[in-house]
Amino acid sequence: MRLVVLTDLDDTLFQTARKLPEAQRGTASQVAEARNGAHSYMTPAQTRLLDWLGTGLVVPVTARGSDAFSRVALDWPGPAIIANGARILRDGEDDAAFKAEMSAALAPYGRDLSICPDAALNAAQSRGMSVRAWIVEEPGLGGVYAVVKANEGTPEARLAELEAPLAARLTSDWRMHRNGNNLALLPPPVSKRRAARWLLERLRADGPLLSIGVGDSLSDLDFMRLCDAWMAPAQSQIDLALPSDPWAQRPDQ
């Protein structure tokens with residue numbers, strides 16, 4: 001039986017320098033380059049984790065678009081799910097059938113997507129916040145989702161204030177996800193879960209497999225729950241959302 005590991009990347013297998021534990025900053029290795037200088041690093045423990053997971057087929061499942069994904073200096077011998085599930089790559093090229101399906105599914109949402117950056121900037125300005133916002137574009141698909149980040153001087157937590165005004169500008173089937181300094185605005189077709197389901201169905205057609213999902217964010221649970229088992233890093237958004245003492249929640253204790 002084959003082992004297939006679907007894993008998020010940022011804050012799961014590596015993280016930026018400011019998120020590294022102080023004691024591990026001297027031993028971490030740079031594994032991804034960022035154009036703004038906020039490069040990403042893997043600790044020895046994360047390196048060991050990836051080595052262990054690598055006994056199976058490791059499939060990245062990441063919000064990174066094609067440009068940011070190309071700057072991750074790790075080898076992925078199999079497929080990859082990128083741009084929050086908008087694209088499935090095989091040997092670096094699009095899965096043609098999935099691309100055709102995604103292109104058709106995204107077409108009705110182009111207008112709403114185009115207004116997202118200006119809507120975010122206007123909502124932030126009216127609240128005295130400084131943010132940057134843009135649309136993630138992918139070859140052959142155009143815009144696939146929007147991102148809002150707080151600039152220096154604006155606390156990351158204040159991004160939550162933008163969710164209601166942005167939701168009022170979009171149809172109810174859009175999804176928003178906030179984790180740290182990242183607010184993603186996702187049209188309905190763009191989903192890590194959708195892409196993961198597509199890929200798992202095709203991998204299972206070749207025979208039985210054991211699937212494991214790995215991720216740090218609550219949004220990762222969507223694809224992780226498709227797997228036979230899943231795991232999350234300590235102190236991740238998933239971990240912190242769980243009760244600190246689950247037994248204390250039981251009425252019979």
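Contact here means heavy atoms within 4.5 Å. In this predicted model, Asp 216 meets that criterion with Asp 8, Asp 10, Asp 11, Thr 12, Asn 179, Pro 233, Ser 236, Gln 237 and Ile 238, leaving aside residues up to four places away in sequence.

Asp 216 is placed in the loop between strand S13 (209-214) and helix H7 (221-224). Although Asp 216 is buried, it has no salt bridge. The nearest side chain of opposite charge belongs to Lys 192, 6.6 Å away, whereas a salt bridge requires a separation within 4 Å.

## Aromatic pairs

Two aromatic pairs are found when the whole structure is searched. Phe 98 and Trp 198 form an edge-to-face pair, with 5.2 Å from centre to centre and 70° between the planes. Phe 98 belongs to helix H3 (residues 96-106) and Trp 198 to helix H6 (residues 192-204), so this pair ties together parts that are 100 residues apart in sequence. Both partners are buried: Phe 98 has a relative accessible area of 1%, and Trp 198 one of 11%.

Tyr 109 and Trp 174 also form an edge-to-face pair, because their ring centres are 6.5 Å apart and their planes lie at 70°. Tyr 109 is in the loop between H3 and helix H4 (110-126), while Trp 174 is in the loop between helix H5 (163-169) and strand S11 (175-178); the pair therefore ties together parts 65 residues apart in sequence. Tyr 109 counts as buried at 17% relative accessibility, as does Trp 174 at 9%.

Methods. Residues are numbered from 1 along each chain as its sequence is written. This is a predicted model: local features need pLDDT of at least 70, side-chain atom pairs count only at pLDDT 80 or more; totals for chains, interfaces and linings use all residues. Side-chain values use heavy atoms; hydrogens and water are left out. Helices (H or I, at least four residues) and strands (E, at least two) are DSSP runs, numbered from the N terminus. Buried means under 20% relative accessible area, exposed over 50%, partly exposed in between (1.4 Å probe, protein chains only). Lys and Arg count as positive and Asp and Glu as negative; His and the chain ends are not counted. Rings of Phe, Tyr and Trp (its six-membered ring) pair if their centres lie within 6.5 Å; planes under 30 degrees apart count as stacked, over 60 as edge-to-face and the rest as tilted.
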